[in-house]
Amino acid sequence: MGRQVLGQVRAAQANFYRVATPEYGELLCTSRARLKKTGQWVLVGDQVQVEELDPASQRGAISEILPRRSELDHPPIANVDQLLLMLSLAEPSLDMHHLSRFLVKAESTGLPFVLALNKADLCDSSQIDFWQEKLQTWGYQPVIISTTTGQNIPALQSHLAHKITVITGSSGVGKSSLINALITGVDLATGAVVQRTGRGRHTTRHIELLTLNSGGMIADTPGFNQPNLDINPTELDRCFPEIYRQNITCEFADCTHQNEPGCGVKRNWERYEHYVQWWQELQELTDLKQAQGRCDVGMKYKQDQIGNRHSEPKLARHKYRTLSRRRQHQELDLLTADDD
Ligand SMILES: Nc1nc2c(ncn2[C@@H]2O[C@H](COP(=O)(O)OP(=O)(O)OP(=O)(O)O)[C@@H](O)[C@H]2O)c(=O)[nH]1
Ligand SMILES: [Zn+2]
């Protein structure tokens, strides 16, 4: 069977994975057919066991996936520690409803998140104070940044150090600019060079964890950029700090904090109207789904199970397909284009 080694999957493309190992550097790996046959799909971010190790050619085969701490669907990445929710104070301007909705979306993943508000260079201090004070009452402390001037980039870096982060937020807020500022040698805005691989970013579909200058990793593929909610209405109260930080004393366990007798949730907070509005929206969606007889859970945070050595993907992925030898070599060539 040869040598075995533990590693972390840093990039995935088609059926090949780049696995970082402490002993042998980065290995180019396939995944054992047995894993796929038992419904286990390797994700970027996975901790894996590699066998059939050949240090000379830096090749190997993934034989086992270690239990996952978390699993995101979009992008499909395992062991994500946190999200970085990024919006901008200007261009595009910040809207209270939109911001609130993004916060609820981020909360709904169950992952911790950092909120960064970019383009501070385009605002005066009274505008910044306005948003900081408002967010404080909602239960959040944003990091006010500018990727153009570098304002608070070191403060943000300290939030990202030693963690795996996925960046999310609407289009045009500066997500790519931030990644470029955080990592030397990356130019996401032009898509010219991706760290290590040397491939154009949009030439072919791939996901990669990029190593931050300050330590930690960030995915080169953003997460959600639309705050569409895909949770049950019963889960919505877990998405508002104004509710979950209260000592909830509702009479009924399934209290929706609206018209029930004996509800113990205080309602004198600014976003209560958002809560009611989105609860109704989610209830309508649930009714519709039930009518259609389907259940779509979307992005979910998955806890690992103690003692369970194998993770299972939440949703069925593409059926295992056998690649022709020619196709395999083409894909291998793409991945090794910069290896000389
Ligand atoms: N004034 C100012 N402009 C910025 C700042 N950060 C980014 N920009 C500009 O905002 C525009 C959008 O930046 P991107 O980094 O492409 O934004 P993005 O979030 O990656 O956008 P998508 O790829 O559409 O999701 C670009 O023209 C940037 O130069 C900033 O801090 N201040
Ligand atoms: Zn209640």
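Predicted model: local features only at pLDDT ≥ 70, side-chain atom pairs only at ≥ 80, totals over all residues.
**Conventions.** I number residues from 1 along each chain as its sequence is written, letter chains from A and number ligands from 1 in the order in which they are written.

**Entry 1: the chain as a whole.** I looked up the secondary structure and found eight helices and 13 strands in the protein chain. Helices (H or I, at least four residues) and strands (E, at least two) are DSSP runs, numbered from the N terminus. Of the 340 residues, 51% count as buried, where buried means under 20% relative accessible area, exposed over 50% and partly exposed in between (1.4 Å probe, protein chains only). The chain exposes about 16,800 Å², of which carbon and sulfur atoms supply 49%; the areas come from the Shrake-Rupley method with a 1.4 Å probe, and for residues only the protein chains shown count as cover. I also checked contacts (heavy atoms within 4.5 Å). Among those between residues at least 6 apart in sequence, 66% join residues at least 24 apart.

**Entry 2: the zinc ion (ligand 2).** I asked which protein atoms hold the donor positions of the zinc ion. They are Cys250 (SG), Cys255 (SG), His257 (ND1) and Cys263 (SG), at 2.1 to 2.4 Å from the ion. Donors are N, O and S atoms within 2.8 Å of the metal (3.2 Å for Na, K and Ca); water is not among the atoms, so sites may look incomplete. Along the chain the donors follow the spacing C-x4-C-x1-H-x5-C. Cys250 and Cys263 both lie in the loop between α6 (241-244) and α7 (272-292), so this pair ties together parts that are 13 residues apart in sequence. Cys250 counts as buried at 17% relative accessibility, whereas Cys263 counts as partly exposed at 21%.

**Entry 3: ligand 1.** I listed the 15 residues around ligand 1; Asp121, Thr147, Ser171, Lys175 and Ser177 come nearest. A residue is near a molecule or strand if one of its heavy atoms lies within 4 Å of it. Helix α5 (residues 175-182) gives the largest share of this shell, three residues. I then noted the polar distances. An oxygen atom of ligand 1 lies 2.5 Å from a polar side-chain atom of Ser171, and an oxygen atom of the ligand is 2.6 Å from an N or O atom in the side chain of Ser177. The protein buries 64% of the 650 Å² that ligand 1 exposes when taken alone.

**Entry 4: Gln82.** Is Gln82 buried or exposed? Gln82, in strand β8 (residues 82-88), is buried, with a relative accessible area of 5%. Its side chain is joined to that of Thr165 by a polar contact of 3.0 Å. A polar contact is a pair of N or O atoms within 3.5 Å; within protein, one must be able to donate a hydrogen and the other to accept it, and residues adjacent in sequence count only if both atoms are side-chain atoms.

**Entry 5: Arg3.** Arg3 lies in the segment before β1 (5-13) and is partly exposed, with a relative accessible area of 47%. I find its side chain in polar contact with that of Tyr24 (3.4 Å).

Notes
Heavy atoms only, no water.
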